[in-house]
Amino acid sequence: MLATVGFVAEQYIQFPGFTPAEDALQAIYTAPPNITALLLFACGYIESSAYDGKLTMLDMFDGEGAKRAPGDLNFGKRFLPGDKAAADDLATKDLSNGRLAMLAFAGMVHHNLVVKGPLFPLFPEGWAGPQGSWDLDSTAGALNSGSLGL
């Protein structure tokens, strides 16, 4: 769900020192390499510390890790209702919203691949349509051009 918000926000908000990218898929290439490395290290550290330094699937859920569900980082548990049925209902709603956000993220990525431009406006100025958006050397490009005889 946060990736969906980040994908939209990237077009309008940049950290100081970062070069803005019109296409959110190109943002990783415009970020300074040292900041990208620092971000990857921080994410890895957080993930590793959540599992007490265990990094493989073979030992990740041994000991204390076996007592919790995968992905449960104990974040926000105090806001859950005390009633088990209400908490389960909230978990189901969260799972459904997460799945919807994954579909939304996939749609936004697909849009950027086809349009080769920003997410908003939906159709950038000068966009001629999806006809030229597929490389002709790819399978999709061959299907689009009719060169496979289909």
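How do the residues of the lining of the second largest pocket divide into nonpolar, polar and charged?

## Second largest pocket

The lining divides into 15 nonpolar residues, five polar and one charged. Here Ala, Val, Leu, Ile, Met, Phe, Trp, Tyr, Cys and Pro count as nonpolar, Asp, Glu, Lys and Arg as charged, and the others, Gly among them, as polar. This is a predicted model: local features need pLDDT of at least 70, side-chain atom pairs count only at pLDDT 80 or more, and totals for chains, interfaces and linings use all residues. Residues are numbered from 1 along each chain as its sequence is written, and side-chain values use heavy atoms, with hydrogens and water left out.

The volume of this second largest pocket is about 680 Å³. A pocket is an open set of points on a 1 Å grid over the protein atoms alone, where a 1.4 Å probe fits, with protein on both sides within 12 Å along at least five of seven lines. Its volume is the space filled by probe spheres set on the points, which are joined across faces, edges and corners. Lining residues have an atom within 4 Å of a point. There are 21 of them, and E10, F15, F18, A27 and L39 lie nearest the centre. Helix 1 (2-9), helix 2 (27-30) and helix 3 (33-50) each supply at least two lining residues. Helices are DSSP runs (H or I, at least four residues), numbered from the N terminus.

The whole structure holds two salt bridges. The criterion is a side-chain nitrogen of Lys or Arg within 4 Å of a carboxyl oxygen of Asp or Glu.

K84 pairs with D88, with the closest N and O atoms 3.2 Å apart. The two are four residues apart in helix 4, so about one helical turn separates them. K84 is exposed at 59% relative accessible area, while D88 is partly exposed at 37%. Exposed means over 50%, buried under 20%, and partly exposed in between (1.4 Å probe, protein chains only).

D89 pairs with K93, with the closest N and O atoms 3.4 Å apart. D89 and K93 are also four residues apart in helix 4, about one helical turn. D89 is partly exposed at 41%, and K93 is partly exposed at 47%.

## Nonpolar surface patch

Y12, I13, F120, L122 and F123 form a nonpolar surface patch with about 580 Å² of accessible area together. Patch members have over 30% relative accessible area and no salt bridge, and nonpolar side chains (Val, Leu, Ile, Met, Phe, Trp, Tyr) are joined within 5 Å. Areas come from the Shrake-Rupley method with a 1.4 Å probe.

L122 sits in the loop between helix 4 (84-115) and helix 5 (139-145). L122 counts as partly exposed because its relative accessibility is 46%.

Key
Patch = residues over 30% accessible without salt bridge, like charges linked within 9 Å, V, L, I, M, F, W, Y side chains within 5 Å.
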